[in-house]
Amino acid sequence: MILQCAVLFAFLAIGEFIVWFTGIPIPSSIIGMLLLTAALRARVVRLIWVDKVADFLVKNLGFFFVPAAVGIIRHFGLIKVQWMPIVGASIVSTFVIIAITGWAHQIVRRLTSGHHELSR
Amino acid sequence: MNFLANKYFLIALTFIVFVAARMFQRRTGIAMLNPILVTTILLIGFMLGADVDYDTYAEGGSYIEFWLKPAVVALGVPLYRQLEAIRKQLLPILVAELAGCVAGIVSVVIVAQLLGATKDVVLSLAAKSVTTPIAMEVTAAVGGIPSLTAAVVVCTGIFGGMTGFRMMKMSRVKSPIARGLSIGTAAHAIGTSAAMDVGYRYGAFSSLGLTINGLLTALLTPFILDLLGYNV
């Protein structure tokens with residue numbers, strides 16, 4: 001487990017370094033994730049070095065959001081007067097994104113897959 | 001001093017409430033009882049009752065929140081396991097992500113305007129579908145309220161995770177890849193965790209969706225807000 005954490009945090013640290021060095025406005029964790037994928041692909045890192053901690057964290061991802069969710073308590077005042085636009089826009093937009101992303105993928109895939117049967 | 005403000009107690013409470021909420025959801029099988037949502041409501045109720053303010057809670061909570069970043073790095077593993085499938089469908093994936101990203105930002109801004117949102121609320125909502133660190137960064141860049149964005153991001157994620165698969169059924173989004181991408185695009189890591197519950201493949205494409213949408217949102221939001229008439 002220590003090796004697993006070492007690999008994981010090494011990639012996060014590389015992400016942090018890249019953000020610090022270049023000032024790029026992308027979170028270090030996203031950069032670390034992409035580099036980890038690339039390193040696994042290039043066989044620089046072996047899957048068994050990192051899969052246990054990764055599977056644990058991925059499986060329990062939701063839990064780590066609880067403190068951020070509790071943070072909503074700080075905005076009760078603003079939400080009281082603006083709840084309609086905040087809630088309404090978030091719900092409508094979530095539905096729009098799900099439909100548009102899904103449709104776009106299905107349509108382009110049908111167009112590009114030619115004679116192949118579209119697998120469901 | 002109030003013992004209920006002890007940070008180890010607050011960490012323990014967060015774990016215990018979450019475990020209980022998750023067990024309760026599994027027993028009852030009711031999707032609406034999302035454990036993140038239930039835990040949040042119970043903790044806020046506790047804090048109001050026990051007179052514990054947010055900054056005090058955050059002293060313990062920050063140790064839990066700390067794991068968000070490594071957890072996002074960990075999403076590289078499911079992504080790696082699906083690389084072959086991703087390469088085969090690169091074009092449909094990219095087109096879908098671009099369409100979803102633009103549609104998401106435009107729709108949230110327009111609906112918020114129609115419902116009477118103030119300018120700083122509109123600017124805080126634009127990036128609401130992507131993972132918290134990106135969303136807060138984008139909001140700061142366009143002049144919104146980053147901590148409001150953080151709260152809305154989590155709520156959007158919980159809502160998307162709870163209702164996303166039902167929405168897909170309604171809108172006839174059927175293929176597993178399209179479904180995974182959609183929920184990751186709309187509801188970031190919380191949607192991904194819901195997708196993981198449905199199947200590993202859904203979860204992997206969901207993490208791809210959250211990644212590409214995160215990058216596109218960071219790049220496009222200022223530009224789209226500008227086109228919609230906001231001088232940011």
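# Two-chain predicted model: contacts between chain A and chain B

B:R81 has a relative accessible area of 31% and is partly exposed; buried stands for under 20% relative accessible area, exposed for over 50%, and partly exposed for what lies in between, with a 1.4 Å probe and protein chains only. A:D55 and B:R81 form a salt bridge, with 3.3 Å between the closest N and O atoms. A salt bridge here is a side-chain nitrogen of Lys or Arg within 4 Å of a carboxyl oxygen of Asp or Glu.

This is a predicted model, in which local features need pLDDT of at least 70, side-chain atom pairs count only at pLDDT 80 or more, and totals for chains, interfaces and linings use all residues, while side-chain values use heavy atoms, with hydrogens and water left out. Residues are numbered from 1 along each chain as its sequence is written, and chains are lettered from A and ligands numbered from 1 in the order in which they are written.

**Interface of chain A and chain B**

- Chain A gives 73 residues to the contact and chain B gives 99 residues, contact being heavy atoms within 4.5 Å.
- About 7600 Å² is buried between chain A and chain B, and carbon and sulfur atoms give 80% of that area. Buried area is the accessible area (1.4 Å probe) that two parts lose on being put together, summed over both.
- On the side of chain A, the residues that lose the most area to chain B are A:F63, A:F65 and A:I98, together 10% of what that side buries.
- Across the interface of chain A and chain B there are 20 residue pairs in polar contact, both residues at pLDDT 80 or more. A polar contact is a pair of N or O atoms within 3.5 Å; within protein, one must be able to donate a hydrogen and the other to accept it, and residues adjacent in sequence count only if both atoms are side-chain atoms.
- Helix 1, helix 2 (28-41), helix 3, helix 4 (66-70) and helix 5 (76-112) of chain A are the elements that give two or more residues to the side of chain A that touches chain B. Helix 5 of chain A gives the most, with 29 residues.
- Helices (H or I, at least four residues) and strands (E, at least two) are DSSP runs, numbered from the N terminus.

**Salt bridges**

- Over all chains there are three salt bridges, and the count between chain A and chain B is two.
- A:E16 and B:K69 meet through their side chains in a salt bridge of 3.0 Å, N to O. This pair crosses between chains, from A:E16 in helix 1 of chain A to B:K69 in helix 4 of chain B.
- A:E16 is partly exposed at 37% relative accessibility, and B:K69 is partly exposed at 34%.
- The pair of A:D55 and B:R81 crosses between chains, from helix 3 of chain A to helix 5 of chain B. A:D55 is partly exposed at 29% relative accessibility.
- Within chain B, B:R87 and B:E84 form a salt bridge, with the closest N and O atoms 2.8 Å apart. Both residues lie in helix 6 of chain B, three residues apart, about one turn of the helix.

**Aromatic pairs**

- The structure holds twelve aromatic pairs over all chains. Rings of Phe, Tyr and Trp (its six-membered ring) pair if their centres lie within 6.5 Å; planes under 30 degrees apart count as stacked, over 60 as edge-to-face and the rest as tilted.
- One of the pairs is A:F9 with B:W67, which is edge-to-face, at 5.6 Å centre to centre and 75 degrees between the planes. It links A:F9 in helix 1 (residues 2-22) of chain A to B:W67 in the loop between helix 3 (54-65) and helix 4 (68-74) of chain B.
- A:F9 is partly exposed, with a relative accessible area of 26%, and B:W67 is partly exposed, with 28%.
- A:F63 and A:F64 also form an edge-to-face pair, at 5.8 Å centre to centre and 70 degrees between the planes.
- A:F63 is buried at 7% relative accessibility, and A:F64 is buried at 6%.
- One aromatic cluster is made up of A:F63, A:F64, B:F15 and B:F18.

**Helix 3 of chain A**

- In helix 3 (residues 51-59) of chain A, the buried residues are A:D51, A:V53, A:A54, A:L57 and A:V58. Seen down the helix axis, they fall within an arc of 165 degrees, so they line one face of the helix; the arc is that of the directions from the helix axis to the C-beta atoms.
- A:K52 and A:K59 are exposed on the other side of helix 3 of chain A.
- The buried residues of this helix pack against helix 1 of chain A, and against helix 4, helix 5 (76-81) and helix 11 (176-198) of chain B.

- B:Q89 lies in the loop between helix 6 (83-88) and helix 7 (90-114) of chain B and is buried, with a relative accessible area of 7%. Leaving aside neighbours within four places in sequence, B:Q89 is in contact with A:H105, A:R109 and B:I177.
- B:H188, in helix 11 of chain B, has phi near 35 degrees, a positive value in a residue other than glycine. B:H188 is buried, with a relative accessible area of 0%.
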